[in-house]
Amino acid sequence: MTPAAPAYRRLSVEERRSQLLDAALSLFAHRVPEDVSLDDVAEAAGVSRPLVYRYFPGGKQQLYEAALRSASEELQHCFDEPHDGPLLPRLARTLDRYLAFVGRHDAGFSALLQGGSVVETSRTTATVDGVRRAAAAHIYSHLGVADPGPKLRMTVRMWITAVEAASLIWLDEDKQPPVEELRDWLVEQFVAVLAVTAGRDPQTAEVVRGALAAQT
């Protein structure tokens, strides 16, 4: 007897939408949006072009923006960390989740970051910047700073940029060094840039004396 073919299961609206977004992210991660057609997305998802239009009647631009929002929303959840215990282990746990996201969704992560510079629309730029703003806001909160000054803001934003760049290079280098080593190195970089800024900025110096000096 030949085995019975698996029963066909109709996908729910959310499952189908997720399938299309996953297919789009994989394509947008490796090609500029202008080089990706809805036919490409339909083929990657194994569906018809009219079905893609049914879920995204605005066409490729709507699909691209939705894919970016999907990736950014998931990435922002990586920053959710209780304010319990010393600062640096909290930062390390946040980076663990961030780098785990990068490792699991390397295509989506690349597409997310490329969206800020490749696609010239205010909505896609705002989506990417929203992730960076959320990361910065969480860092200020964990530092105990309600109103960061310009030097501290610049320091935190520079470090976030460094984390993004290191993550992309890590993907290009076949995820080397090991993720734990990369995490620890990024934590050490955070301490280092704060220490440098503390020599020029009283507010940052107070942060270093308070939050970082309290490691136990």
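How does arginine 132 count at 27% relative accessibility: buried, partly exposed or exposed? Arginine 132 counts as partly exposed, where buried means under 20% relative accessible area, exposed over 50% and partly exposed in between (1.4 Å probe, protein chains only).

## Ground rules

This is a predicted model, in which local features need pLDDT of at least 70 and side-chain atom pairs count only at pLDDT 80 or more, while totals for chains, interfaces and linings use all residues. Residues are numbered from 1 along each chain as its sequence is written, and side-chain values use heavy atoms, leaving out hydrogens and water.

## Salt bridges

Searching the whole structure gives nine salt bridges, each a side-chain nitrogen of Lys or Arg within 4 Å of a carboxyl oxygen of Asp or Glu. One of them joins arginine 132 to aspartate 129, with the closest N and O atoms 3.3 Å apart. These two are separated by about one helical turn because they sit three residues apart in helix 7 (residues 122-143); helices are DSSP runs (H or I, at least four residues) numbered from the N terminus. Aspartate 129 is also partly exposed, at 27%.

Glu81, Arg93 and Arg97 belong to one network, joined by salt bridges that share partners. Within the bridge between glutamate 81 and arginine 97, the closest N and O atoms are 2.9 Å apart. Here glutamate 81 is buried at 10%, whereas arginine 97 is partly exposed at 28%.

## An aromatic pair

Two aromatic pairs are found, counting rings of Phe, Tyr and Trp (its six-membered ring) with centres within 6.5 Å; planes under 30 degrees apart are stacked, over 60 edge-to-face and the rest tilted. Phenylalanine 79 and tyrosine 98 are stacked, at 6.3 Å centre to centre and 25° between the planes. Both residues, phenylalanine 79 and tyrosine 98, are buried.
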